[in-house]
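Dear colleague,

I am handing over the structure we spoke about, so that you can look at it before reading my notes. Please open it first and then compare what you see with the description below.

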Amino acid sequence: MEVSRRTFIKTTLIGGAGVSVFGFSLAPVYAQTQGLKIARTTETRSTCPYCSVSCGVIIHTLGDKSKNAIPQVVHVEGDPDHPINRGTLCPKGASLEQDIANERRLLKPQVRRPGSDHWDDISWDDAFNEIARWVKKTRDATFIEKDAQGRTANRVETIGWIGGCTDTNEFNYLAGKFMRGMGACYYETQARV
Amino acid sequence: MSNWWDKQIQRADQLAAQANGSRELLTFYAQLLRAQKEIHDFLRSRRDWLPSGELELDLSVLSEALPAFLKKIESYGPASLAAEAHDLSRTDFQIVAEKLLTYWCTSSDIKFFEKAFLQPYLRWLAETGAMPVGRDTSLSERNCPYCGGNPQVSFLQNKETTAESGNRDLICATCLSSWEFRRVVCANCGEERPTKLGYFHSPKFDHIRIEACDTCKHYLKGVDLTRVGFAAPIVDEIDAAPLDLWAREHGFTKIELNLVGI
(Lines give C-alpha, C1' and ligand atoms only; values in the text may rest on other atoms or scores of the structure.)
Protein backbone atom coordinates (compact mmCIF):
# COMPACT_ATOMS: atom_id res chain seq x y z
CA MET A 1 0.00 0.00 0.00
CA GLU A 2 1.85 3.04 -1.26
CA VAL A 3 0.61 5.79 0.98
CA SER A 4 2.68 8.02 3.16
CA ARG A 5 1.74 9.30 6.58
CA ARG A 6 1.71 12.82 5.14
CA THR A 7 -0.86 11.78 2.53
CA PHE A 8 -2.97 10.22 5.23
CA ILE A 9 -2.98 13.32 7.37
CA LYS A 10 -3.93 15.40 4.37
CA THR A 11 -6.88 13.18 3.49
CA THR A 12 -8.25 13.17 7.02
CA LEU A 13 -8.30 16.92 7.16
CA ILE A 14 -10.15 17.78 4.00
CA GLY A 15 -13.79 18.17 4.97
CA GLY A 16 -13.60 15.26 7.34
CA ALA A 17 -14.44 12.87 4.55
CA GLY A 18 -11.09 11.12 4.42
CA VAL A 19 -10.15 7.52 4.96
CA SER A 20 -7.59 6.07 7.29
CA VAL A 21 -4.28 4.89 5.92
CA PHE A 22 -5.71 1.35 5.76
CA GLY A 23 -8.92 2.36 4.01
CA PHE A 24 -11.46 2.85 6.80
CA SER A 25 -13.97 5.62 6.28
CA LEU A 26 -13.40 8.32 8.85
CA ALA A 27 -16.63 10.20 8.25
CA PRO A 28 -18.40 8.85 11.37
CA VAL A 29 -15.27 9.40 13.46
CA TYR A 30 -14.98 12.93 12.17
CA ALA A 31 -18.64 13.60 12.97
CA GLN A 32 -18.01 12.55 16.57
CA THR A 33 -14.92 14.74 16.73
CA GLN A 34 -17.05 17.82 16.05
CA GLY A 35 -18.96 17.39 19.30
CA LEU A 36 -15.95 16.98 21.55
CA LYS A 37 -15.15 19.54 24.22
CA ILE A 38 -11.43 19.39 24.72
CA ALA A 39 -9.55 20.96 27.62
CA ARG A 40 -5.80 21.30 27.91
CA THR A 41 -3.98 20.68 31.14
CA THR A 42 -0.31 20.70 31.98
CA GLU A 43 1.42 18.52 34.52
CA THR A 44 4.15 20.15 36.57
CA ARG A 45 6.41 18.20 38.91
CA SER A 46 6.91 19.94 42.23
CA THR A 47 7.56 19.35 45.92
CA CYS A 48 4.97 19.26 48.67
CA PRO A 49 5.62 22.27 50.94
CA TYR A 50 4.29 20.83 54.18
CA CYS A 51 7.04 18.84 55.88
CA SER A 52 10.67 17.84 55.57
CA VAL A 53 9.86 14.53 53.86
CA SER A 54 9.57 16.60 50.66
CA CYS A 55 7.27 14.32 48.71
CA GLY A 56 7.14 14.77 44.95
CA VAL A 57 3.83 15.95 43.56
CA ILE A 58 2.37 16.48 40.10
CA ILE A 59 0.25 19.61 39.77
CA HIS A 60 -2.40 19.56 37.05
CA THR A 61 -3.14 23.03 35.70
CA LEU A 62 -6.06 23.78 33.42
CA GLY A 63 -5.52 26.39 30.74
CA ASP A 64 -5.04 26.62 27.01
CA LYS A 65 -1.91 28.80 27.24
CA SER A 66 -3.68 31.82 25.78
CA LYS A 67 -2.34 35.09 27.17
CA ASN A 68 -5.57 36.35 28.68
CA ALA A 69 -6.39 33.07 30.43
CA ILE A 70 -5.46 32.47 34.05
CA PRO A 71 -4.21 28.91 34.60
CA GLN A 72 -6.16 27.09 37.28
CA VAL A 73 -4.93 24.21 39.42
CA VAL A 74 -7.45 21.40 39.12
CA HIS A 75 -5.68 18.44 40.70
CA VAL A 76 -2.61 17.55 42.71
CA GLU A 77 -1.38 13.98 43.02
CA GLY A 78 1.71 12.18 44.26
CA ASP A 79 4.51 11.81 41.74
CA PRO A 80 4.84 8.08 40.99
CA ASP A 81 8.37 8.64 39.64
CA HIS A 82 9.61 10.39 42.78
CA PRO A 83 12.02 8.21 44.79
CA ILE A 84 10.78 9.47 48.17
CA ASN A 85 7.05 8.87 47.99
CA ARG A 86 6.57 6.92 44.72
CA GLY A 87 3.11 8.33 44.14
CA THR A 88 1.86 8.27 47.71
CA LEU A 89 0.81 11.31 49.74
CA CYS A 90 -0.27 11.82 53.33
CA PRO A 91 -3.80 13.16 53.90
CA LYS A 92 -2.46 16.67 54.27
CA GLY A 93 -0.44 16.46 51.08
CA ALA A 94 -3.39 14.92 49.26
CA SER A 95 -5.40 18.06 50.03
CA LEU A 96 -2.77 20.34 48.51
CA GLU A 97 -5.09 21.45 45.72
CA GLN A 98 -7.31 23.09 48.34
CA ASP A 99 -4.32 24.97 49.66
CA ILE A 100 -3.38 26.31 46.23
CA ALA A 101 -6.88 27.10 44.97
CA ASN A 102 -8.11 28.76 48.15
CA GLU A 103 -9.68 32.20 48.37
CA ARG A 104 -8.09 32.69 51.81
CA ARG A 105 -4.59 32.10 50.48
CA LEU A 106 -2.32 35.12 50.88
CA LEU A 107 -0.97 36.26 47.54
CA LYS A 108 0.72 39.50 48.71
CA PRO A 109 2.68 40.61 51.77
CA GLN A 110 0.87 42.12 54.72
CA VAL A 111 2.04 43.89 57.87
CA ARG A 112 0.50 44.24 61.31
CA ARG A 113 1.70 47.50 62.88
CA PRO A 114 2.40 47.78 66.61
CA GLY A 115 -0.88 48.28 68.46
CA SER A 116 -2.98 47.54 65.40
CA ASP A 117 -5.78 44.94 65.41
CA HIS A 118 -5.60 44.17 61.74
CA TRP A 119 -3.23 43.43 58.86
CA ASP A 120 -2.47 45.99 56.16
CA ASP A 121 -1.44 45.23 52.59
CA ILE A 122 2.09 46.27 51.75
CA SER A 123 4.02 46.25 48.48
CA TRP A 124 6.86 43.81 47.96
CA ASP A 125 9.38 46.67 47.79
CA ASP A 126 8.11 48.15 51.04
CA ALA A 127 8.12 44.72 52.66
CA PHE A 128 11.75 44.13 51.65
CA ASN A 129 12.75 47.57 52.91
CA GLU A 130 10.94 47.10 56.18
CA ILE A 131 12.44 43.67 56.79
CA ALA A 132 15.91 45.02 56.01
CA ARG A 133 15.37 47.96 58.37
CA TRP A 134 14.22 45.72 61.22
CA VAL A 135 17.00 43.21 60.68
CA LYS A 136 19.62 45.96 60.78
CA LYS A 137 18.03 47.65 63.79
CA THR A 138 17.79 44.39 65.72
CA ARG A 139 21.30 43.33 64.82
CA ASP A 140 22.79 46.70 65.71
CA ALA A 141 20.97 46.71 69.05
CA THR A 142 21.79 43.15 70.11
CA PHE A 143 25.09 42.30 68.42
CA ILE A 144 27.43 40.53 70.84
CA GLU A 145 31.02 41.38 70.05
CA LYS A 146 32.57 39.80 73.18
CA ASP A 147 31.13 37.13 75.47
CA ALA A 148 31.05 37.28 79.29
CA GLN A 149 34.65 36.05 79.46
CA GLY A 150 35.83 38.75 77.06
CA ARG A 151 36.35 36.38 74.14
CA THR A 152 35.50 37.54 70.63
CA ALA A 153 32.00 36.24 69.74
CA ASN A 154 30.62 38.46 66.90
CA ARG A 155 27.20 36.85 67.05
CA VAL A 156 23.51 37.72 67.01
CA GLU A 157 21.16 35.69 69.16
CA THR A 158 17.99 37.63 68.41
CA ILE A 159 17.49 36.68 64.77
CA GLY A 160 16.78 33.16 63.59
CA TRP A 161 16.07 31.40 60.30
CA ILE A 162 13.78 28.45 59.58
CA GLY A 163 13.90 27.08 56.04
CA GLY A 164 10.96 25.51 54.24
CA CYS A 165 11.16 22.05 52.69
CA THR A 166 10.90 23.32 49.13
CA ASP A 167 14.10 25.34 49.51
CA THR A 168 16.74 23.94 47.22
CA ASN A 169 20.35 23.17 48.16
CA GLU A 170 21.43 26.29 46.32
CA PHE A 171 18.91 28.46 48.14
CA ASN A 172 19.98 27.02 51.50
CA TYR A 173 23.64 27.61 50.65
CA LEU A 174 22.93 31.32 50.06
CA ALA A 175 20.76 31.53 53.17
CA GLY A 176 23.56 29.94 55.22
CA LYS A 177 26.12 32.40 53.86
CA PHE A 178 23.84 35.31 54.67
CA MET A 179 23.03 34.19 58.21
CA ARG A 180 26.63 33.30 59.05
CA GLY A 181 27.69 36.66 57.60
CA MET A 182 25.32 38.41 59.98
CA GLY A 183 26.59 36.35 62.89
CA ALA A 184 23.22 34.70 63.44
CA CYS A 185 23.46 31.41 65.34
CA TYR A 186 19.99 29.98 65.11
CA TYR A 187 19.70 28.58 61.62
CA GLU A 188 17.70 25.53 60.53
CA THR A 189 16.76 24.20 57.13
CA GLN A 190 14.88 21.17 55.87
CA ALA A 191 17.29 20.70 52.99
CA ARG A 192 16.06 17.77 50.90
CA VAL A 193 15.72 19.03 47.37
CA MET B 1 -1.12 -16.34 27.88
CA SER B 2 -4.17 -16.59 25.62
CA ASN B 3 -6.13 -14.81 28.32
CA TRP B 4 -4.46 -11.60 27.28
CA TRP B 5 -5.87 -11.94 23.76
CA ASP B 6 -9.28 -12.93 25.11
CA LYS B 7 -9.35 -9.81 27.23
CA GLN B 8 -8.56 -7.60 24.23
CA ILE B 9 -11.20 -9.35 22.08
CA GLN B 10 -13.82 -9.09 24.79
CA ARG B 11 -13.12 -5.40 25.26
CA ALA B 12 -13.21 -4.75 21.50
CA ASP B 13 -16.58 -6.52 21.22
CA GLN B 14 -17.90 -4.60 24.21
CA LEU B 15 -16.79 -1.23 22.89
CA ALA B 16 -17.94 -1.98 19.34
CA ALA B 17 -21.45 -2.54 20.65
CA GLN B 18 -21.47 0.85 22.36
CA ALA B 19 -19.32 2.81 19.95
CA ASN B 20 -20.51 5.73 17.97
CA GLY B 21 -17.99 6.94 15.40
CA SER B 22 -15.48 4.13 15.79
CA ARG B 23 -17.84 1.15 15.53
CA GLU B 24 -16.50 0.01 12.15
CA LEU B 25 -12.91 0.29 13.39
CA LEU B 26 -13.59 -1.73 16.53
CA THR B 27 -15.60 -4.39 14.72
CA PHE B 28 -12.69 -4.97 12.39
CA TYR B 29 -10.14 -4.80 15.19
CA ALA B 30 -12.01 -7.46 17.17
CA GLN B 31 -11.73 -9.78 14.18
CA LEU B 32 -8.09 -8.90 13.70
CA LEU B 33 -7.41 -9.73 17.34
CA ARG B 34 -9.09 -13.10 16.83
CA ALA B 35 -6.85 -13.77 13.85
CA GLN B 36 -3.79 -12.73 15.87
CA LYS B 37 -4.86 -14.93 18.77
CA GLU B 38 -5.08 -17.88 16.38
CA ILE B 39 -1.48 -17.24 15.27
CA HIS B 40 -0.36 -16.98 18.88
CA ASP B 41 -2.22 -20.18 19.83
CA PHE B 42 -0.76 -21.96 16.83
CA LEU B 43 2.77 -21.03 17.85
CA ARG B 44 2.17 -21.92 21.49
CA SER B 45 0.64 -25.28 20.78
CA ARG B 46 3.38 -26.40 18.44
CA ARG B 47 5.12 -29.43 19.93
CA ASP B 48 8.90 -29.67 20.26
CA TRP B 49 9.40 -26.17 18.90
CA LEU B 50 10.36 -22.88 20.41
CA PRO B 51 11.07 -19.74 18.40
CA SER B 52 14.72 -18.89 17.88
CA GLY B 53 14.19 -15.15 17.71
CA GLU B 54 15.64 -15.07 14.21
CA LEU B 55 12.70 -14.45 11.92
CA GLU B 56 14.37 -16.01 8.90
CA LEU B 57 14.68 -19.31 10.73
CA ASP B 58 11.23 -19.19 12.28
CA LEU B 59 9.44 -18.24 9.09
CA SER B 60 9.02 -21.85 8.03
CA VAL B 61 6.75 -22.43 11.01
CA LEU B 62 5.16 -18.99 11.00
CA SER B 63 4.23 -19.29 7.32
CA GLU B 64 1.72 -22.04 8.15
CA ALA B 65 -0.41 -19.47 9.97
CA LEU B 66 -0.41 -16.99 7.10
CA PRO B 67 -3.26 -18.33 4.89
CA ALA B 68 -5.86 -18.28 7.70
CA PHE B 69 -4.74 -14.81 8.71
CA LEU B 70 -5.08 -13.45 5.17
CA LYS B 71 -8.45 -15.10 4.78
CA LYS B 72 -9.72 -13.33 7.89
CA ILE B 73 -8.53 -9.94 6.66
CA GLU B 74 -10.08 -10.62 3.29
CA SER B 75 -13.39 -11.38 4.99
CA TYR B 76 -13.55 -8.56 7.48
CA GLY B 77 -11.19 -5.82 6.28
CA PRO B 78 -12.08 -2.72 4.31
CA ALA B 79 -11.95 -3.00 0.54
CA SER B 80 -8.31 -1.96 0.15
CA LEU B 81 -7.02 -4.34 2.84
CA ALA B 82 -9.25 -7.15 1.57
CA ALA B 83 -7.89 -6.72 -1.93
CA GLU B 84 -4.34 -6.67 -0.67
CA ALA B 85 -4.97 -9.79 1.41
CA HIS B 86 -6.41 -11.49 -1.65
CA ASP B 87 -3.32 -10.59 -3.67
CA LEU B 88 -0.94 -11.72 -0.95
CA SER B 89 -2.68 -15.07 -0.62
CA ARG B 90 -1.80 -15.69 -4.26
CA THR B 91 1.73 -14.35 -4.03
CA ASP B 92 4.74 -16.62 -3.79
CA PHE B 93 5.70 -16.99 -0.15
CA GLN B 94 9.28 -15.96 -0.87
CA ILE B 95 8.04 -12.48 -1.77
CA VAL B 96 5.89 -12.33 1.35
CA ALA B 97 8.88 -13.51 3.38
CA GLU B 98 10.99 -10.71 1.97
CA LYS B 99 8.34 -8.19 2.99
CA LEU B 100 8.29 -9.61 6.49
CA LEU B 101 12.09 -9.58 6.76
CA THR B 102 12.22 -5.98 5.53
CA TYR B 103 9.68 -4.97 8.16
CA TRP B 104 11.63 -6.91 10.78
CA CYS B 105 14.70 -4.74 10.18
CA THR B 106 12.94 -1.43 9.58
CA SER B 107 9.52 -1.31 11.18
CA SER B 108 6.91 0.96 9.65
CA ASP B 109 3.43 1.75 10.91
CA ILE B 110 1.93 1.89 7.43
CA LYS B 111 2.79 -1.75 6.66
CA PHE B 112 -0.38 -3.32 7.95
CA PHE B 113 0.15 -6.97 7.08
CA GLU B 114 3.72 -7.19 8.30
CA LYS B 115 2.92 -5.44 11.57
CA ALA B 116 -0.32 -7.30 12.28
CA PHE B 117 1.08 -10.71 11.35
CA LEU B 118 4.29 -10.38 13.33
CA GLN B 119 2.74 -8.93 16.51
CA PRO B 120 1.61 -12.32 17.90
CA TYR B 121 4.94 -13.89 16.91
CA LEU B 122 6.87 -11.17 18.75
CA ARG B 123 4.57 -11.48 21.73
CA TRP B 124 5.20 -15.23 21.80
CA LEU B 125 8.93 -14.55 21.53
CA ALA B 126 8.76 -12.29 24.56
CA GLU B 127 6.81 -14.89 26.52
CA THR B 128 9.32 -17.61 25.76
CA GLY B 129 12.25 -15.37 26.64
CA ALA B 130 13.87 -15.54 23.21
CA MET B 131 15.47 -12.28 22.08
CA PRO B 132 14.58 -10.94 18.64
CA VAL B 133 17.67 -11.16 16.46
CA GLY B 134 18.47 -8.39 14.00
CA ARG B 135 16.42 -5.65 15.63
CA ASP B 136 18.03 -2.59 17.16
CA THR B 137 16.98 -2.53 20.80
CA SER B 138 19.36 0.15 22.03
CA LEU B 139 17.74 3.18 20.44
CA SER B 140 16.61 5.08 23.54
CA GLU B 141 14.47 4.75 26.64
CA ARG B 142 11.60 5.88 24.45
CA ASN B 143 11.75 2.66 22.45
CA CYS B 144 10.74 -0.79 23.58
CA PRO B 145 13.66 -2.33 25.49
CA TYR B 146 12.71 -5.76 24.15
CA CYS B 147 12.30 -5.18 20.41
CA GLY B 148 13.11 -1.48 19.85
CA GLY B 149 9.61 -0.63 18.62
CA ASN B 150 7.82 2.68 19.01
CA PRO B 151 5.20 3.20 21.70
CA GLN B 152 1.60 2.72 20.55
CA VAL B 153 -0.18 3.94 23.64
CA SER B 154 0.60 4.73 27.26
CA PHE B 155 -1.34 3.72 30.32
CA LEU B 156 -1.44 4.72 33.95
CA GLN B 157 -1.68 2.01 36.57
CA ASN B 158 -1.17 1.92 40.34
CA LYS B 159 1.96 0.00 41.21
CA GLU B 160 2.44 1.16 44.77
CA THR B 161 -0.34 -0.31 46.91
CA THR B 162 -0.86 2.88 48.90
CA ALA B 163 -0.54 5.25 45.97
CA GLU B 164 -3.45 6.91 44.27
CA SER B 165 -1.31 8.08 41.37
CA GLY B 166 -0.73 5.89 38.38
CA ASN B 167 2.70 4.91 37.12
CA ARG B 168 3.07 5.38 33.41
CA ASP B 169 3.92 2.50 31.09
CA LEU B 170 4.21 2.46 27.33
CA ILE B 171 2.93 -0.39 25.15
CA CYS B 172 5.07 -1.35 22.22
CA ALA B 173 3.39 -1.09 18.82
CA THR B 174 5.54 -3.91 17.46
CA CYS B 175 5.55 -6.63 20.14
CA LEU B 176 2.74 -5.41 22.45
CA SER B 177 4.88 -5.70 25.56
CA SER B 178 5.09 -2.76 27.95
CA TRP B 179 7.82 -0.88 29.74
CA GLU B 180 7.97 1.70 32.48
CA PHE B 181 8.29 5.31 31.45
CA ARG B 182 8.31 8.57 33.39
CA ARG B 183 5.10 10.57 33.68
CA VAL B 184 6.00 14.10 32.61
CA VAL B 185 8.18 13.34 29.58
CA CYS B 186 7.42 13.31 25.86
CA ALA B 187 7.51 9.70 24.64
CA ASN B 188 8.83 10.85 21.27
CA CYS B 189 11.55 13.44 21.89
CA GLY B 190 12.13 13.33 25.63
CA GLU B 191 10.93 16.91 26.27
CA GLU B 192 10.50 17.48 30.02
CA ARG B 193 9.45 21.14 30.27
CA PRO B 194 5.89 21.17 31.63
CA THR B 195 4.84 24.13 29.51
CA LYS B 196 5.74 22.19 26.36
CA LEU B 197 3.72 19.10 27.29
CA GLY B 198 -0.03 19.33 26.82
CA TYR B 199 -2.60 16.83 28.05
CA PHE B 200 -5.87 17.08 26.15
CA HIS B 201 -8.94 15.54 27.61
CA SER B 202 -12.61 15.29 26.68
CA PRO B 203 -15.40 14.23 29.06
CA LYS B 204 -16.62 11.94 26.30
CA PHE B 205 -13.53 9.76 26.80
CA ASP B 206 -13.04 10.24 30.49
CA HIS B 207 -10.18 7.79 30.98
CA ILE B 208 -8.30 8.63 27.78
CA ARG B 209 -6.23 11.67 26.99
CA ILE B 210 -3.92 12.96 24.33
CA GLU B 211 -0.36 13.34 25.57
CA ALA B 212 1.12 15.89 23.17
CA CYS B 213 4.43 17.69 22.88
CA ASP B 214 4.68 21.25 21.58
CA THR B 215 8.39 20.79 20.87
CA CYS B 216 8.27 17.85 18.44
CA LYS B 217 4.52 18.16 17.67
CA HIS B 218 4.00 14.44 18.25
CA TYR B 219 1.51 12.73 20.51
CA LEU B 220 0.25 9.44 21.74
CA LYS B 221 -2.85 8.60 23.71
CA GLY B 222 -2.84 7.64 27.35
CA VAL B 223 -5.36 5.32 28.99
CA ASP B 224 -5.89 5.84 32.71
CA LEU B 225 -6.47 2.43 34.26
CA THR B 226 -6.83 4.02 37.69
CA ARG B 227 -10.17 5.36 36.42
CA VAL B 228 -11.35 2.42 34.33
CA GLY B 229 -9.50 -0.66 35.52
CA PHE B 230 -11.03 -3.06 33.00
CA ALA B 231 -10.01 -0.99 30.00
CA ALA B 232 -7.61 -2.55 27.48
CA PRO B 233 -5.27 0.25 26.37
CA ILE B 234 -4.67 -0.88 22.78
CA VAL B 235 -8.41 -1.37 22.25
CA ASP B 236 -9.66 1.70 24.10
CA GLU B 237 -7.13 3.70 22.14
CA ILE B 238 -8.95 2.74 18.92
CA ASP B 239 -12.33 3.56 20.45
CA ALA B 240 -11.05 7.08 21.09
CA ALA B 241 -10.26 7.63 17.39
CA PRO B 242 -12.09 11.01 17.41
CA LEU B 243 -9.34 12.31 19.67
CA ASP B 244 -6.80 11.38 16.98
CA LEU B 245 -8.59 13.42 14.38
CA TRP B 246 -8.80 16.32 16.80
CA ALA B 247 -5.06 16.08 17.48
CA ARG B 248 -4.25 16.02 13.77
CA GLU B 249 -6.45 19.02 13.13
CA HIS B 250 -4.40 20.83 15.74
CA GLY B 251 -1.09 20.00 14.13
CA PHE B 252 0.06 16.95 16.07
CA THR B 253 1.36 13.75 14.50
CA LYS B 254 0.90 10.38 16.17
CA ILE B 255 4.11 8.63 17.15
CA GLU B 256 2.87 5.36 15.67
CA LEU B 257 -0.33 4.67 13.75
CA ASN B 258 -2.40 1.79 15.12
CA LEU B 259 -3.69 -1.21 13.18
CA VAL B 260 -6.72 0.64 11.83
CA GLY B 261 -4.39 3.26 10.40
CA ILE B 262 -5.23 6.13 12.77
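**Where chain A and chain B meet**

Strand β1 (residues 39-47) of chain A is joined to β4(B) by 3 bridges, and the two strands run antiparallel. Within this pairing, A:Thr41 has B:Tyr199 of β4(B) as its bridge partner. Please keep in mind that this is a predicted model.

Turning to the whole contact, chain B contributes 55 residues to it and chain A contributes 41 residues. The size of an interface is often given as the accessible area lost when the parts come together. Here chain B and chain A bury about 4,100 Å² between them, with 60% of that area on carbon and sulfur atoms. In chain B, the residues that lose the most area to chain A are B:Ile110, B:Arg183 and B:Leu245, which together make up 14% of what that side buries.

One of these residues, B:Arg183, also has its side chain in a salt bridge with that of A:Glu77, at 2.5 Å from N to O. Across the interface of the two chains there are 5 salt bridges, and 18 residue pairs are found in polar contact, both residues being at pLDDT 80 or more.

On the side of chain B that touches chain A, at least two residues each come from α2 (23-44), α5 (79-89), β4 (197-201), α9 (241-249) and β7 (253-254). Of these, α9(B) gives the most, with 7 residues. Sorted by class, that side of chain B has 25 nonpolar, 15 polar and 15 charged residues.

With best wishes

Conventions: Residues are numbered from 1 along each chain as its sequence is written. Chains are lettered from A and ligands numbered from 1 in the order in which they are written. This is a predicted model: local features need pLDDT of at least 70, side-chain atom pairs count only at pLDDT 80 or more; totals for chains, interfaces and linings use all residues. Side-chain values use heavy atoms; hydrogens and water are left out. Contact means heavy atoms within 4.5 Å. Buried area is the accessible area (1.4 Å probe) that two parts lose on being put together, summed over both. A salt bridge is a side-chain nitrogen of Lys or Arg within 4 Å of a carboxyl oxygen of Asp or Glu. A polar contact is a pair of N or O atoms within 3.5 Å; within protein, one must be able to donate a hydrogen and the other to accept it, and residues adjacent in sequence count only if both atoms are side-chain atoms. Helices (H or I, at least four residues) and strands (E, at least two) are DSSP runs, numbered from the N terminus. Ala, Val, Leu, Ile, Met, Phe, Trp, Tyr, Cys and Pro count as nonpolar, Asp, Glu, Lys and Arg as charged, and the others, Gly among them, as polar. Two strands pair if DSSP finds at least two bridges between them.
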